[in-house]
Amino acid sequence: MKISVDLKENSYDILIEDGILNRVGEYIDLNRKVMIITDSGVPKEYGDILLSQCPMGEIIVVEQGEQSKSFSTYERICRKLLESNFHRKDLIVALGGGVIGDLAGFCASTYMRGIDFINIPTTTLSQIDSSIGGKTAINLGDTKNIIGAFYQPKKVFIDFKTLETLSERDYNNGMVEALKAGLIYDREIFELFEIGDIKERYRDIIIKSILVKKDVVEKDVREQSLRKILNFGHTIGHGIEGYFNFNELLHGEAVALGMLPMIEDNNLRERTKKIIEKLNIRTDINYDREKVFKLMVKDKKADSSKITLVKVKELGSAYLSDETFEQCRKYLD
Ligand SMILES: NC(=O)c1ccc[n+]([C@@H]2O[C@H](COP(=O)([O-])OP(=O)(O)OC[C@H]3O[C@@H](n4cnc5c(N)ncnc54)[C@H](O)[C@@H]3O)[C@@H](O)[C@H]2O)c1
Ligand SMILES: [Zn+2]
């Protein structure tokens with residue numbers, strides 16, 4: 001299956017097929033210098049499969065986890081590219097989750113002012129969300145994604161078979177972004193979560209979520225207006241993530257908690273809560289509301305006095321609402 005993302009001169013295709021990892025070379029020229037960037041949590045086998053298709057391939061394995069989205073890892077990768085004489089027409093491949101996609105994409109966007117880049121996302125989160133839309137970034141100390149660039153890949157390859165090795169927790173974590181897509185844009189996704197076993201419908205859920213992200217990004221790639229709705233649940237979510245030092249709770253788990261107060265219909269909120277629990281995510285986590293509030297207003301989406309919140313009044317559509325800090329505080333109760 002092919003989904004084309006239409007961004008004028010930066011357009012590209014997302015290719016979705018079981019086992020496509022074995023056939024990447026059929027769709028993109030691997031007969032040049034290729035640097036595969038992956039992490040220590042991604043099964044080594046995937047890197048080997050890819051490397052076997054690249055006559056001039058090299059691989060960098062960074063430590064798994066958010067701490068690799070750092071200046072030091074960025075520098076290490078750029079030095080390696082330079083040592084190996086990489087040029088603009090050579091290729092960087094991200095093979096892994098959102099951490100690898102963001103890091104490798106940022107390297108690609110800046111090395112020689114931009115070198116060819118493809119993304120092979122291997123987590124639910126990265127397949128549903130982070131591999132689409134061209135946001136790349138690293139962190140600066142505790143501040144997430146503050147150094148980055150918009151940089152589109154030449155292609156995205158999605159191989160559902162790679163999800164078979166993903167931990168249950170990471171799997172469910174990424175599914176929260178699909179639930180978000182359902183709430184803000186496509187009620188059918190939400191309804192797929194409600195019927196029976198989520199794992200039986202994951203393909204439909206992921207594909208429909210990709211279509212939501214594609215649609216939103218095509219209309220507003222630089223997040224001037226519409227794309228902001230993708231931040232649904234993220235304002236409080238980021239506050240909660242920060243409160244737990246970005247380690248106790250995963251991103252999707254925090255966003256799940258952040259979405260609930262932004263749903264204005266009681267019945268829909270209860271339905272959403274049931275789905276979150278079905279994803280084995282606890283909705284009764286305790287945190288210090290005042291501290292989360294302070295982190296929330298520090299969030300980068302906040303300007304001097306107001307925060308743009310994303311709210312859902314009815315299933316499948318969202319709206320933006322500028323609210324004062326004091327108005328925002330009440331959502332934490
Ligand atoms: N650019 C964007 O638009 C965007 C959007 C959302 C999130 N993000 C970023 O994405 C990151 C989170 O992404 P994530 O949830 O994918 O986390 P991740 O990249 O850390 O992956 C989670 C874990 O799964 C492991 N893993 C990856 N693929 C695997 C596989 N197939 N089998 C077994 N293990 C595997 C990784 O080694 C890692 O330990 C954050 O840094 C976040 O800021 C970016
Ligand atoms: Zn998110």
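Trainee: What makes β10 and β11 a pair?
Mentor: This is a predicted model, and in it strand β10 (residues 306-314) and strand β11 (residues 317-324) are joined by 8 bridges. Pairing takes at least two bridges. Therefore 8 bridges meet the definition of a pair. The sense is antiparallel.

Trainee: Which residues stand opposite each other there?
Mentor: K311 stands opposite Y319 in β11. E314 stands opposite S317 in β11. The hairpin of β10 and β11 has 2 residues between the strands. One detail to look at is G316, which takes a positive phi near 95 degrees.

Trainee: In what order do the strands of the open sheet run?
Mentor: The order of its 7 strands is β1-β2-β9-β6-β5-β3-β4. Pairing in this sheet is mixed.

Trainee: What makes β1 and β4 edge strands?
Mentor: Each pairs on one side only. That holds for β1 (2-5) and for β4 (56-62). From one strand to the next, the twist averages 20 degrees.

Trainee: Now the ligand. What makes Q64 a polar contact of ligand 1?
Mentor: An N or O atom in the Q64 side chain is 2.6 Å from an oxygen atom of ligand 1. The limit for a polar contact is 3.5 Å, so the Q64 pair at 2.6 Å counts. The side chain of E66 also has an N or O atom 2.7 Å from an oxygen atom of ligand 1. For K69, a polar side-chain atom lies 2.8 Å from a ligand 1 oxygen.

Trainee: How many residues surround ligand 1, and of what kinds?
Mentor: There are 26, with D39, T122 and T123 among the closest. The shell divides into 6 nonpolar, 11 polar and 9 charged residues.

Trainee: Why is ligand 1 said to lie between the domains?
Mentor: Because domain 1 (2-165) and domain 2 (168-332) both give residues to the shell around ligand 1.

Technical notes
Residues are numbered from 1 along each chain as its sequence is written. Chains are lettered from A and ligands numbered from 1 in the order in which they are written. This is a predicted model: local features need pLDDT of at least 70, side-chain atom pairs count only at pLDDT 80 or more; totals for chains, interfaces and linings use all residues. Side-chain values use heavy atoms; hydrogens and water are left out. A residue is near a molecule or strand if one of its heavy atoms lies within 4 Å of it. A polar contact is a pair of N or O atoms within 3.5 Å; within protein, one must be able to donate a hydrogen and the other to accept it, and residues adjacent in sequence count only if both atoms are side-chain atoms. Ala, Val, Leu, Ile, Met, Phe, Trp, Tyr, Cys and Pro count as nonpolar, Asp, Glu, Lys and Arg as charged, and the others, Gly among them, as polar. Domain bounds come from an automatic or database domain assignment. Helices (H or I, at least four residues) and strands (E, at least two) are DSSP runs, numbered from the N terminus. Axes are lines fitted to C-alpha atoms, for helices over the stretch in contact, and angles run from 0 to 180 degrees between N-to-C directions.
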